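Dear colleague,

Please find the structure below, followed by some notes on what was found in it.

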There are 2 protein chains.
Amino acid sequence: MTHSTEITSLLAFADTLADAAGAAILPHFRTGIAVANKAASGFDPVTLADQAAERAIRALITARYPDHGVLGEEFGETAGASGYRWVIDPIDGTRAFIAGLPLWGTLIALTHEGVPVLGVMDQPYLGERFVGAGGQAWGQTALGRADLRTRAMGRLEGALLSTTDPDLFAPQERVAFDAVRARCQLTRLGCDCYAYAMVAAGHIDLVIESGLKPYDILALIPIIEGAGGVVTDWRGAPAFAGGQVVAAGSAAVHAEALALLAGAAA
Amino acid sequence: MTHSTEITSLLAFADTLADAAGAAILPHFRTGIAVANKAASGFDPVTLADQAAERAIRALITARYPDHGVLGEEFGETAGASGYRWVIDPIDGTRAFIAGLPLWGTLIALTHEGVPVLGVMDQPYLGERFVGAGGQAWGQTALGRADLRTRAMGRLEGALLSTTDPDLFAPQERVAFDAVRARCQLTRLGCDCYAYAMVAAGHIDLVIESGLKPYDILALIPIIEGAGGVVTDWRGAPAFAGGQVVAAGSAAVHAEALALLAGAAA
């Protein structure tokens, strides 16, 4: 099997995984019984949806690629016998999900020897899917299918910044984040993985977060890089392990943000 | 014309207004040329969309109800010769719009002698519309059409809180907000009008904001009240003028929030 045939097969399979996850999750979205249900069963709808989606994804991987490893947010690690490992967050943005907001997403990454080579961010309620692989990225939205291109901002002034919640930063991190924020044009909060998709699509210029897990970021790296952006940790090293992450639409914005974040880099 | 016939006609007309606004706005959403276009023409896409939508709405009102007044966020006040006045925010959440996020909305209120009697919140990209009038509220979403019902939370503990950005509060307001936040289960940021729709739909329990304009809140009051919720200012008085607003899904949550906000009430 040639490399390009292999990646084509893997991309089609990743679409199948995302379809299965969406089908498992959507029946639980906006069911409006979070509180009562949690008391009755011990599981709230988002946990049920998270687990159902990850079970569906794991079953498909085991059947099709039994030698691939799997790391999932819900059920942990299953070792593989090849260099490939799927890294899954069935619902990134569980708090958005609980609040009825359609900005959560299913994150599906495929790593090879630890490096993310394919990423999918799927939002089944919106019918939106963002995909990156092989140095390219594309999105399917209500406006159709299109290649993704980040915006080539030359500096922080004029840039659109996003983070999920500034209160999630440690005090020293917050000082550094506020220094970046003070130079940007505007800041949007509360977006989880959706903000990264908007970086790839050229609408947001910069996302700064900390405390991420590998499954929070691995799928987003091929999408943003394939669209022309840059994703690293706050030291400028690969962000494959999560932690402090800075994702930018351009190298210039990335460099200016890093300079301000360096003092708080772990 | 009987009252119920009149409100039925006005509701159908409000749907027409929302349809027209959506048609005017959507071609400008995610055009991805915000920065370049602003420099070239002096108007960015969100301003063009805002103005196009308000022009479309005003033209329809003038043609159909020439004796109705209009207050719009973009073009100000047009006095009417009747007790009716339409209050319009074509795009509430312009910063979300600019960032490509689908949580902005078109707000259309009809007031009679100053009291909101009909409200529409429309999100054309999502195909979602939330409507309230005559003590009832209903929503049209991807999941179909359904009556809206707030959640009957008994106290702040367990409640889902939302505000667009805590940094928008004055210092004393922020202290009061943080006191509420400390008792709630979780907080979602960045939602503008969409958070109020989620209160009506029973997913969010409480929204606290300040500095609102009348056109930011008037359309949302009949929606939340029609779904069983409560909307007032931080003193417990009608919030028709905007300013400090607290919107709750239940009287109990509203009362507990008011008790903590009272010290910072304007």
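How many salt bridges does the rule find across the interface of chain B and chain A? With a salt bridge taken as a side-chain nitrogen of Lys or Arg within 4 Å of a carboxyl oxygen of Asp or Glu, the rule finds 8 across that interface, and one of the pairs to form a salt bridge is Arg188(B) with Asp192(A), whose closest N and O atoms are 3.1 Å apart.

This is a predicted model, in which local features need pLDDT of at least 70 and side-chain atom pairs count only at pLDDT 80 or more, while totals for chains, interfaces and linings use all residues. Residues are numbered from 1 along each chain as its sequence is written, chains are lettered from A and ligands numbered from 1 in the order in which they are written, and side-chain values use heavy atoms, with hydrogens and water left out.

The contact (heavy atoms within 4.5 Å) takes 39 residues from chain B and 39 residues from chain A. About 3300 Å² is buried between the two chains, 60% of it from carbon and sulfur atoms; this is the accessible area, with a 1.4 Å probe, lost on putting the two parts together, summed over both.

Within chain B, Thr150(B) lies in the loop between β8 (144-147) and β9 (160-163), these strands being DSSP runs of E of at least two residues, numbered from the N terminus.

Best regards

Methods:
Helix = DSSP H or I, 4+ residues; strand = E, 2+ residues; numbered from the N terminus.
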